[in-house]
Amino acid sequence: MRTDLYNLNLRSNVKSISEMTFRTDKYSLHPFKAEFGRKQDDSNEDNTIIFNSNGYIIEQNKYKYDILLAEGHNYTLDDFHSEKWIFMYDDFNKKIEKIVTDKYLKSIRKEVFIYDTNKIIVKHFNEDFHYATIENLLDEYGRIVTKKTFEEGDFIGYRNFQYNSTHDLIKEVREEWAETTNFKYDEKRNLIEVEKLEDNKVCSTTIFKYKYDAFENWIERVEFKNDKPIYITERKIEYYN
């Protein structure tokens, strides 16, 4: 079974990672930090993730930039803390439950994982109300190849996934929306390009460049669109001794 460390392409005995994103100076062709946080209309989030000694995620904190950033404010990650995810596992390192709380540790929802032959069913609960089910169909390597979504028993849609020989995601397809996303990686398995298409026409291309620590884990990522740097993400990594 592939660990979360492998899936996130993290080397050595990583204990935790923490990411902070900065907008770049919009007038510069060279990447340097200008302001903290992503634009309000961007859906991406930053994370702090804690791993157990077996390489699986036990806690994940989400930081969503859902407020309008004010000029001159000295923001920190705590200003954007939106959710905490806590993961539970069985004796075979299979994920069995995910508990989601708000930043005040009030329970928001939970997910229960049920394993079947070539299938993982994830039931979503809001308090005791079962409001959604995700049906993940697996290939012979245990990778999710189709994800079906149901809400209150009604089928909502599905996505298909393709992988390369190192089990990295290379294509995601949503046929009902005519959307395709292609992913490219470097020789270190780091994501270097995301290409999004609608109706078979390219609508955006994002390029990533990295700096690494001594364990070849990236500690800085620069994100480019239309050959212009737009975000710099810094990552702090803590290792088990």
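The model is predicted, so local features need pLDDT of at least 70 and side-chain atom pairs count only at pLDDT 80 or more, while totals for chains, interfaces and linings use all residues. Residues are numbered from 1 along each chain as its sequence is written, and side-chain values use heavy atoms, with hydrogens and water left out.

Of the 241 residues, 38% count as buried. The accessible surface comes to about 14,600 Å², and carbon and sulfur atoms own 48% of that surface; such areas come from the Shrake-Rupley method with a 1.4 Å probe, and for residues only the protein chains shown count as cover. Among contacts (heavy atoms within 4.5 Å) between residues at least 6 apart in sequence, 32% join residues at least 24 apart.

Attention now turns to the interior. A nonpolar core is a set of buried Ala, Val, Leu, Ile, Met, Phe, Trp, Tyr and Cys residues joined through side-chain atoms within 4.5 Å. The largest such core has 14 residues, of which Leu10, Val14, Ile17, Phe51 and Ile57 touch the most other members. Strands β1 (14-24), β3 (45-51), β5 (81-89) and β17 (228-239) each supply at least two residues of this core, and β5 gives the most, with 3 residues. Leaving aside neighbours within four places in sequence, isoleucine 57 is in contact with Asp4, Leu8, Ile49, Ile50, Phe51, Phe87 and Tyr89.

Lysine 98, found in strand β6 (residues 95-101), counts as buried at 8% relative accessibility. Beyond its neighbours within four places in sequence, lysine 98 is in contact with Trp85, Ile86, Phe87, Arg109, Lys110, Glu111 and Phe113.

Aromatic rings come next. The structure holds 6 aromatic pairs; rings of Phe, Tyr and Trp (its six-membered ring) pair if their centres lie within 6.5 Å, with planes under 30 degrees apart counted as stacked, over 60 as edge-to-face and the rest as tilted. One of them is the tilted pair of tyrosine 56 and tyrosine 89, at 5.6 Å centre to centre and 50 degrees between the planes. Tyrosine 56 lies in the loop between β3 and β4 (57-64) and tyrosine 89 in strand β5, so the pair ties together parts that are 33 residues apart in sequence. Both tyrosines are buried. Elsewhere, ring pairs link Tyr210, Tyr212 and Trp218 into a cluster.

Glutamate 152, in the loop between β10 (144-151) and β11 (154-163), has a positive phi of about 50 degrees although it is not a glycine. Glutamate 152 is exposed, with a relative accessible area of 61%. Asparagine 200, in the loop between β14 (191-198) and β15 (201-212), has a positive phi of about 65 degrees and is likewise not a glycine. At 73% relative accessibility, asparagine 200 counts as exposed.

Conventions. Buried means under 20% relative accessible area, exposed over 50%, partly exposed in between (1.4 Å probe, protein chains only). Helices (H or I, at least four residues) and strands (E, at least two) are DSSP runs, numbered from the N terminus.
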